[in-house]
Amino acid sequence: MSANIPSDVHPHLMTEIPLDAAAFQPPPPSYVEAKYADDTNVKPSLGDVDADHDVLRENERWPTPEEERTWVRVADKIPTAAFLIILTEFCERFTYYGASGIFNNYISNGYKVPGSSPGAIDGGKQMATGLINFFQFWCYICPIFGAIVADQWLGKYKTILLFACIYLVGNIVLTLTSIPASIHAGGALPGLIVSMIIIGLGTGGIKPNVSPMVAEQYTRTRPFVRRLKSGKEVLVDRDATIQSMFNWFYWSINLGSLSAIATSELEHNVDFWPAYLLPTLMFILCILVFWLGRNRYIRNPPTGSILIQAARCLTTGVRQSRAAKRSGQELLDDTGAKLNWMEYAKPSNMVDVPASPVAWDDHFVDELCHTLKACKVFTFYPVYWLCFGQITNTLISQAGEMNTGGVPNDIMQNIDPLFLIIFIPIFDKVFYPGLRRCGLDIGPILRIFIGFVLAAIAMAYAAIVQHLVYSTGPYYDHPGSQHNDISAAIQIPAYAFIAWSEIFASITGLEYAYTKAPQSMKSIVMSIFLFMNCGGAILAFCFNPISADPHLVKNFAIAAGLM
């Protein structure tokens, strides 16, 4: 899984260049040095700092301007501390998908009904879709709270550890209420709802902090030339390294999501309580792995909640711009145009000067404006998450109406992570480096657009498959819990297109949220990106009336059209 420097860089770009004195100019103070210069309480371990900051090591030198401009850029090795966090994410996603992957059957079907798929609550497809959409909504609105806790009080490491313990409580509740005695006593549904709320809260403390913490473990900021063992030289670049780190981070997520295969087999062949016990035990391992790496992590101290300060800054901008209009004191920029309303939040531009000084300066307002502009692209993601969410509900229902060859219908969703596990390394090691060697560097916006197109194709294909299901006997468009004579294998292209769309849209979204945010706003911007999942869940609630037979063709077709 290591993102080692590729050895297949074009030979003419790796020839040895005579060393130039200008190439050895000392670098500016590194991020780590600057960040911890005045702090005596929270520091990274000396081993990690010495390994990662902008100081040249053996077989390294600074590039000349010509080399920086013309050489192909490659990714650096991923720090050990980052891999520990990636391993933690694998364990957490193993737990999340192992538990939630069987929610559909757990909610939809009755307990131990002969000839039917496994179940417990017997709530039907619409209840299952509604509760799963609620769970998704809750899991992705809580990250805003988690980001505030990390930035204001605890920092990322302590926040992740605290909310992981809360998460574990939710898993225990889910496991205990899925035992046969609880199901027969009617405890399955209330236990599920309580566990969803607790797990969602735990997720909210982990998700906005874990991916920025991964990227923070790589602290080298300047590109540099490294001589390989072969004697060839490559230009190592921070942006390529961050992109590679997020690729492997997302790879670990999908490797963990394969746990749904194990839990599906357990629910099908044993019962639900062992199916939920397995993710619970894995989450204990997750907490242990994360805690054991505590002395290796680079941990940035909390600096105060940027979200609260940003909200005050925005309201001040609105208030000050209105005051400027009322008093006829509107300001102009260098071109003679009126200033944007946000510019009035700057202390230097305030018309109605407050009695006490504000807690920000002009630079903070500029950073906030830059962040808001960068976040505009996120507004397109709710429709994307609507399409992606079909994997965990309507596509599972679709498979339940088809011939799966004896395979549990909720295992079909694991085709998506299997494709990702195969293709993410190919994209990271072959596709993207190949494009860079050809002088084609696909920017994040274009990658996101390609991902959206692939998601639309996936939904259009799913609509065609559903039409074929309804056109096939013996049950046609009212199969209920029975199967029509059509193979579920024809679903595979839909999962493939969704998987490819994730490589372009979802991974790039994580990368974009991190790289485009100022250092002080990374958790907040990540939480805004994750919050877009809530928009997808809200849209999915609107689809609830057509999320059951015989309306599923409309469900997929409308999703494709919106995308």
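This report walks through the core, the aromatic pairs, the cysteines and some backbone features of one predicted model.

Residues are numbered from 1 along each chain as its sequence is written, and side-chain values use heavy atoms, with hydrogens and water left out. Because the model is predicted, local features need pLDDT of at least 70 and side-chain atom pairs count only at pLDDT 80 or more, while totals for chains, interfaces and linings use all residues.

**The core**

Let us start inside. The largest nonpolar core has 144 residues; such a core is a set of buried Ala, Val, Leu, Ile, Met, Phe, Trp, Tyr and Cys residues joined through side-chain atoms within 4.5 Å. Buried here means under 20% relative accessible area, exposed over 50%, and partly exposed in between (1.4 Å probe, protein chains only). Which members touch the most other members? They are F103, L192, F378, Y381 and F529. Helix 6 (residues 124–176) supplies the largest share of this core, with 13 residues. Helices (H or I, at least four residues) are DSSP runs, numbered from the N terminus.

Leaving aside residues up to four places away in sequence, F529 is in contact (heavy atoms within 4.5 Å) with F378, Y381, W385, S506, G509, L510 and A513. F529 also belongs to a cluster in which ring pairs link F378, Y381, Y384, W385, F388, F452, Y512 and F529.

**Aromatic pairs and charges over rings**

The structure holds 35 aromatic pairs. Rings of Phe, Tyr and Trp (its six-membered ring) pair if their centres lie within 6.5 Å; planes under 30 degrees apart count as stacked, over 60 as edge-to-face and the rest as tilted. Two of these pairs are set out here.

| Pair | Centre to centre | Angle between planes | Type |
|---|---|---|---|
| F272 and Y276 | 6.3 Å | 25° | stacked |
| F431 and F504 | 6.4 Å | 90° | edge-to-face |

F272 and Y276 are 4 residues apart in helix 11 (residues 272–292), so about one helical turn separates them. F272 is buried at 1% relative accessible area, and Y276 is buried at 1% as well. The other pair reaches across the sequence: F431 lies in helix 16 (residues 415–437) and F504 in helix 18 (residues 492–515), so the pair ties together parts 73 residues apart. F431 is partly exposed at 32%, whereas F504 is buried at 7%.

**Cysteines**

How many disulfides does a search of the whole structure find? The count is 0, where a disulfide is a pair of cysteine sulfur atoms within 2.5 Å. For C91, the closest cysteine sulfur is in C286, and at 5.4 Å it is too far for a bond. C91 is buried at 2% relative accessibility, and C286 is buried at 3%.

**Backbone features**

Two peptide bonds deserve a look. The one from G473 to P474 is cis, with omega near 10°, and P474 lies in the loop between helix 17 (444–470) and helix 18. The bond from D549 to P550 is also cis, with omega near 5°; P550 lies in the loop between helix 19 (522–542) and helix 20 (552–562).

K112, though not a glycine, has a positive phi of about 55° and is exposed at 54%. K112 lies in the loop between helix 5 (103–108) and helix 6.

Notes:
Helices (H or I, at least four residues) and strands (E, at least two) are DSSP runs, numbered from the N terminus.
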